[in-house]
Amino acid sequence: MDEKKLKLYGTNWCTKSANLRNYLQSIWVEFEDYNVETQPEADEIVRALYNGQLKFPTVTYGEDFLKNPTTKEMDVFLKKHGIEG
């Protein structure tokens, strides 16, 4: 797994996850999409970030992460890491 790739951890039923997924796709940003309900490894990764709690959507890039970002927060995060669509 490439650690320096944008990753989205969410679910299929979560509106916030879907909105974030759609936003990233709309600005042509490549990302890996993980479902915390169907992929146990994804569940473990997210819980490790939040002291055992499952919080989503969570976006990671390397060691940096955001919980449930707004589009404005997402844009700042992308710019910080030099990620462009």
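This is a predicted model: local features need pLDDT of at least 70, side-chain atom pairs count only at pLDDT 80 or more; totals for chains, interfaces and linings use all residues.
The crossing of H1 past H3 is right-handed. On the H1 side, the contact is made by Leu 20, Tyr 23 and Leu 24; on the H3 side, by Thr 71, Met 74, Asp 75 and Leu 78. Sorted by class, the residues in this contact of H1 with H3 are five nonpolar, one polar and one charged.

The largest nonpolar core has 13 residues, and the members that touch the most others are Leu 6, Leu 24, Val 59, Met 74 and Leu 78. At least two residues of this core come from each of H1, E3 and H3. Val 59 has contacts beyond four places away in sequence with Leu 6, Lys 7, Leu 8, Leu 20, Asp 64, Phe 65, Leu 66, Pro 69, Met 74 and Phe 77. Another core, of six residues, lies apart from the largest one; Tyr 9, Val 36, Val 46 and Tyr 50 are among its members.

Strand E3, residues 58-61, also holds Thr 60. Thr 60 has a relative accessibility of 8%, below the 20% limit, and so counts as buried. Leaving aside residues up to four places away in sequence, Thr 60 touches Lys 5, Leu 6, Lys 7, Tyr 9, Leu 49, Phe 65 and Phe 77.

The remaining features concern the backbone. Most peptide bonds are trans, and most residues other than glycine have a negative phi. The bond between Phe 56 and Pro 57 is cis, with omega at about 0 degrees. Pro 57 belongs to the loop that runs between helix H2 (40-49) and E3.

Two residues other than glycine have a positive phi and sit in loops. Trp 28, with a phi of about 60 degrees, is in the loop between H1 and strand E2 (32-35). Its relative accessible area is 71%, over the 50% limit, so Trp 28 is exposed. Asn 68, with phi near 45 degrees, is in the loop between strand E4 (64-67) and H3. With a relative accessible area of 29%, Asn 68 falls between the two limits and is therefore partly exposed.

Terms used. Residues are numbered from 1 along each chain as its sequence is written. Side-chain values use heavy atoms; hydrogens and water are left out. A crossing is left-handed if the near helix is turned anticlockwise from the far one by less than a right angle, and right-handed if clockwise. Helices (H or I, at least four residues) and strands (E, at least two) are DSSP runs, numbered from the N terminus. Contact means heavy atoms within 4.5 Å. Ala, Val, Leu, Ile, Met, Phe, Trp, Tyr, Cys and Pro count as nonpolar, Asp, Glu, Lys and Arg as charged, and the others, Gly among them, as polar. Buried means under 20% relative accessible area, exposed over 50%, partly exposed in between (1.4 Å probe, protein chains only). A nonpolar core is a set of buried Ala, Val, Leu, Ile, Met, Phe, Trp, Tyr and Cys residues joined through side-chain atoms within 4.5 Å.
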